[in-house]
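Subject: Structure handover, with notes on cavities and pockets

Hi,

Here is the structure I promised to pass on to you.

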Amino acid sequence: MGSSLFDRRVDRSNSQSLKDMMTPQRVKDAGLVCYWGAEFDFPTCPAFSRGVASCAERGLYAFTMQNDRYNERVVWWMQHVRGWEVSPEWIVPTHGTIFGLASAIRIFCSKEKSLLVFSPGYNRYAQAASRMGLPFEYLRLLEPEDQAQMAQEQEKQGQKMTGRRNGYRIDFPALEKRLASGQIGLIVLCNPNNPTGTLFPREELEELDALSRRYQVPVYSDEIFAEVILDEGVRAVPFGEISGTEGLSMTCTSLGKCMSLTGVNHANVLIPNPALRGRYIHQKYADHYGSIDPMLYAGLMEAYTEEGKAFVEELCEVIRENVRILEQRLPEILPGARVVHPQGTYVAWVDYRRTGMDDEALRRFLEEEALFYGDVGTDYHDSAQFYRYSLAVPSKELQKSMDFMEHLR
């Protein structure tokens with residue numbers, strides 16, 4: 001495949017790409033990359049594109065159904081890329097992550113039963129419930145500083161706080177209090193977390209599964225970033241692996257992020273529990289699920305392969321380099337800026353609270369002067385002192401952005 005693919009900016013001109021529309025003209029005029037959104041600024045996997053081209057060449061765009069070949073490819077991918085042995089019957093295709101979540105919301109939420117969303121977290125989870133006129137609640141994840149304080153308080157009471165403290169984590173006492181109220185119908189988890197890049201370790205997932213069973217509240221686990229792992233020796237543990245056939249898990253997977261298929265709207269929800277799976281399948285058809293897009297199907301058959309796996313491995317190397325660049329250069333250029341180290345994903349969550357700038361001064365510097373344009377933290381139910389940046393860009397473009405900012409200081 002070669003590094004040249006990841007060195008080349010993809011052409012967005014005349015594409016009606018949302019990211020192109022969201023890129024300010026001043027960023028374009030400066031020849032800089034926009035870090036808004038979460039999709040590649042280099043081309044996607046050639047294997048996927050080759051499959052799409054073969055479908056177009058055939059000229060057949062018929063209803064395309066899930067079959068044994070499709071299931072075999074997904075099972076292979078989950079085993080060799082995610083390290084999870086899944087059964088073909090668990091695989092439930094949907095029209096994307098949020099479509100899949102919306103079906104789960106319709107099953108388990110009501111005017112009396114809310115969707116619970118962890119924050120900082122992806123804004124479209126709550127939006128999915130809101131658009132249906134159904135309630136949602138946020139539960140804040142603990143920052144490293146919060147965890148240290150909580151650990152001290154628990155140690156005073158003779159208790160020990162389990163789990164690592166170098167990233168965000170779930171506030172389990174607060175979560176159990178919410179579940180015990182009987183007012184939560186569904187939990188949505190994002191692992192790796194978007195926007196922080198935190199990977200939730202096995203012991204936290206086991207605790208979440210125990211609470212899910214105790215209070216009979218299902219978990220929809222969005223794991224579409226789980227192929228993009230940045231730290232050595234860690235793994236995105238699938239929630240469905242923890243919950244098994246007796247738990248209440250719906251694990252959403254996709255090539256949507258690791259191959260930047262954001263406009264394609266396709267995912268697989270893996271549901272080991274047969275009763276839960278039956279309810280979910282009934283609902284997805286009630287929500288007007290049709291079939292797998294024929295061009296997508298052709299692309300997936302080429303991408304769920306060794307070639308696709310090799311592409312993802314090379315992608316991870318590029319993102320690791322970009323994380324290294326950002327973690328090294330941004331705090332040097334802008335003292336007080338802190339990059340929250342991502343263990344997974346290709347988005348970086350940056351904390352600017354220690355720079356001394358208020359919200360407006362920070363926005364003006366980043367967006368109007370430095371042209372370092374990303375997603376503001378308020379989009380993730382957090383402070384405007386945080387920004388999220390997509391690092392799926394050629395490394396030379398990130399260096400160019402850092403150089404541009406450095407010349408302002």
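Helices (H or I, at least four residues) and strands (E, at least two) are DSSP runs, numbered from the N terminus. This is a predicted model, in which local features need pLDDT of at least 70 and side-chain atom pairs count only at pLDDT 80 or more, while totals for chains, interfaces and linings use all residues. Residues are numbered from 1 along each chain as its sequence is written, and side-chain values use heavy atoms, with hydrogens and water left out.

A word on the search itself: on a 1 Å grid over the protein atoms alone, a pocket is an open set of points with protein on both sides within 12 Å along at least five of seven lines, a cavity is a set where a 1.4 Å probe fits but cannot get out, and lining residues have an atom within 4 Å of a point. Points are joined across faces, edges and corners, and a volume is the space filled by probe spheres set on them.

The largest pocket comes to about 1,200 Å³. It is lined by 49 residues, and those closest to its centre are Ala38, Glu39, Lys257, Thr262 and Gly263. Helices H2 (18-22), H6 (97-108), H7 (123-131) and H13 (294-303) each supply at least two lining residues, with the largest share, four residues, coming from H7. The lining holds 22 nonpolar, 17 polar and ten charged residues (Ala, Val, Leu, Ile, Met, Phe, Trp, Tyr, Cys and Pro count as nonpolar, Asp, Glu, Lys and Arg as charged, and the others, Gly among them, as polar).

The second largest pocket has a volume of about 260 Å³. Of its 14 lining residues, Cys55, Arg58, Pro294, Tyr297 and Ala298 are the closest to the centre. Here H13 turns up again: both H13 and helix H4 (46-58) give at least two residues to this lining, and H13 gives the most, with five. By class, the lining divides into eight nonpolar, three polar and three charged residues.

Val117, Phe118, Gly121, Tyr122, Tyr125, Val188, Leu189, Cys190 and Asn193 line it. Strands S2 (114-119) and S4 (184-190) are the elements that give two or more residues to this lining, and S4 has the largest share, with three. Seven of the lining residues are nonpolar, two are polar and none is charged.
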